[in-house]
Amino acid sequence: MEVLLLAGIAYLIGAIPFGYLVARARGVDVLRQGSGNIGATNVARVVGPRWGVLVFLLDAAKGALPVLLAGQLAQPPELPPDTLRVTAGIAAFLGHLFPLYLGFRGGKGVATGAGVVLVLLPGPAVAALLVWATVLACTRYVSLASLLAALALCGLRLLFAAEPWSWGQCVVTLFCLLGASLIVVRHASNVRRLLLGTEHRVKDAPGLFLLAKTIHVLALGLWFGTAAFFTLTGALVFRHFEEISRKPAEERPSWFPLPKLYDQPPPSARFRDPLRLEQGSRAGGAAVGPLFPWYYGVQAACGLLALATALTWAGRGEKTHRLRAALLLAALLTVGLGWWLERVVHDLREPRNASTERALAATSEKAERVAEAEVARATFGRWHTYSLLLNFLALALVMVAMALAAQLPGPVARPAEAPEAPRDWETASAAKSAL
């Protein structure tokens with residue numbers, strides 16, 4: 001009963017038709033204008049961009065508020081974690097899609113869904129909003145931006161959640177998939193118009209152009225900063241652990257003792273000299289290794305944002321813009337190849353370490369064990385070198401792209417457009433004034 005009561009209250013909050021109310025306050029029946037939708041996009045189209053932004057914020061708030069309130073309630077122990085919050089979010093989302101107050105004629109759920117996921121999954125939600133803003137700035141299709149943002153949210157959830165289908169995570173994962181599916185269904189007519197090339201586009205305003213340039217510069221800055229910081233930090237971490245590993249046992253800190261296995265002469269020239277450096281290398285790898293998925297993930301995200309904005313300028317015919325797009329494409333491909341190589345190196349690390357320890361601990365067949373370790377260490381070292389070289393290549397390409405950011409394009413001068421035909425409500429208002 002508590003869950004049903006919570007769902008009912010959340011539905012009534014989500015069903016508040018802010019788009020209809022705001023437009024009505026401006027003398028417009030939004031159900032009869034534009035697309036007939038009560039969402040922020042249609043309000044912006046028929047009433048004005050400022051009112052569209054206001055409706056977007058209000059619709060997002062009515063999605064976030066029920067989830068925040070549900071978070072203050074005691075979670076029933078027999079239900080998966082976050083069940084109450086997800087229930088409130090789904091009810092508010094459905095309230096916007098099918099509002100009781102307007103005969104179940106609602107919006108498409110993008111803003112309300114954004115408010116829900118901002119509370120449930122703030123990190124992926126911010127990333128999805130960034131995807132939305134980038135696609136809108138590059139294409140001026142609100143519908144396409146909404147669809148890709150919903151798909152991006154699901155992808156981020158499945159990729160970066162540790163166990164998205166576990167008992168503690170499955171409810172939020174199911175909400176992401178359900179919400180994205182409903183958004184796709186509600187945009188079915190938009191998808192058809194996109195395929196036919198007849199979908200409505202937002203006007204090419206200076207604000208959108210500025211947004212595209214801002215996203216491009218911020219993505220490049222974060223990409224270069226991440227690559228430079230991680231590369232330098234990784235080198236310093238390895239150097240720090242190797243400096244400690246050079247010290248004899250009595251001079252080491254208590255948290256980094258010297259194993260007897262490494263306190264002996266190297267068995268061959270392919271091992272570190274002194275052998276104690278082996279411990280430092282492994283400690284450095286253990287410290288840096290867990291960061292690689294985030295390192296390459298951030299680079300890939302920044303690369304996609306930078307490339308998407310650059311491609312919108314590449315068609316202008318100027319050599320600088322085409323060069324920028326080519327550099328970013330090459331850098332993004334380099335990051336992808338580097339990510340794959342990192343996995344190869346990761347898979348080779350364990351055989352290298354295991355064969356090394358067998359060689360160091362062997363009392364019989366020592367030569368065979370050493371030869372086996374030499375092969376594994378040489379293979380690992382070769383692929384690790386390839387990985388480092390690709391990392392430096394990507395860093396160099398992004399550095400050049402950063403330099404080209406000093407020559408971002410200016411807005412294209414467009415011919416004056418014919419004045420729009422007066423809207424129905426404007427004509428009616430003018431006739432009423434004349435009478």
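The largest pocket here has a volume of about 1,300 Å³. Of the 41 residues lining that pocket, Ala-40, Thr-41, Ala-44, Val-142 and Val-202 are the closest to its centre. Please keep in mind that this is a predicted model.

**The largest pocket**
- Several helices each supply at least two residues of the pocket lining, among them H3 (40-46), H4 (49-70), H6 (110-120) and H7 (122-139).
- Helices H8 (142-160), H10 (188-196) and H11 (206-245) are also on the list of elements that each give at least two residues to this lining.
- Sorted by class, the pocket lining holds 16 nonpolar, 16 polar and 9 charged residues.

**Enclosed cavities**
- Counting those of 30 Å³ or more, the model has 2 cavities.
- The largest cavity has a volume of about 280 Å³.
- Its lining is made of 21 residues, and Gly-113, Ala-114, Val-117, Leu-153 and Ile-183 lie nearest the centre.
- H6, H7, H8 and helix H9 (170-186) are the elements that give two or more residues to the lining of this largest cavity.
- The lining of the largest cavity comprises 17 nonpolar and 4 polar residues, with no charged ones.
- The second largest cavity has a volume of about 40 Å³.
- Residues lining the second largest cavity include Tyr-295, Tyr-296, Gln-299, Thr-334 and Leu-390.
- Helix H13 (292-314), H14 and helix H15 (366-404) are the elements giving two or more residues to the lining of the second largest cavity.

**Salt bridges**
- Across the whole structure, a search turns up 15 salt bridges.
- One of them joins the side chains of Asp-29 and Arg-32, at 3.2 Å from N to O.
- In this pair, Asp-29 is buried, because its relative accessible area of 18% falls under the 20% cut-off.
- Arg-32, in contrast, counts as exposed at 69% relative accessibility.
- Glu-242 and Arg-272 form another salt bridge, with their closest N and O atoms 3.2 Å apart.
- This pair links distant parts of the chain, with Glu-242 in helix H11 and Arg-272 in the loop between H11 and H12, 30 residues apart.
- Glu-242 is buried, with a relative accessible area of 19%, while Arg-272 is partly exposed at 26%.
- Glu-357 pairs with Arg-282 in a salt bridge whose closest N and O atoms are 2.7 Å apart.
- Glu-357 sits in helix H14 (residues 319-361) and Arg-282 in helix H12, so this bridge ties together parts that are 75 residues apart in sequence.
- Glu-357 counts as partly exposed, at 35% relative accessibility.
- Both Glu-357 and Arg-282 belong to a network of salt bridges that also links Glu-278, Arg-352 and Arg-377.

**Ser-281 and its surroundings**
- Ser-281 lies in helix H12, which covers residues 277-288.
- At 16% relative accessibility, Ser-281 counts as buried.
- Apart from its neighbours within four places in sequence, Ser-281 is in contact with Phe-238, Glu-242 and Arg-272.

How values were computed. Residues numbered from 1 in each chain as written. Predicted model: local features only at pLDDT ≥ 70, side-chain atom pairs only at ≥ 80, totals over all residues. Heavy atoms only, no water. Helix = DSSP H or I, 4+ residues; strand = E, 2+ residues; numbered from the N terminus. Buried < 20%, exposed > 50% of the residue type's maximum accessible area, 1.4 Å probe, protein only. Contact = heavy atoms within 4.5 Å. 1 Å grid on protein atoms, 1.4 Å probe; cavity = no way out; pocket = protein on both sides within 12 Å on 5 of 7 lines; lining within 4 Å. Points joined across faces, edges and corners; volume = space filled by probe spheres on them. Nonpolar A, V, L, I, M, F, W, Y, C, P; charged D, E, K, R; others polar. Salt bridge = Lys/Arg side-chain N within 4 Å of Asp/Glu carboxyl O.
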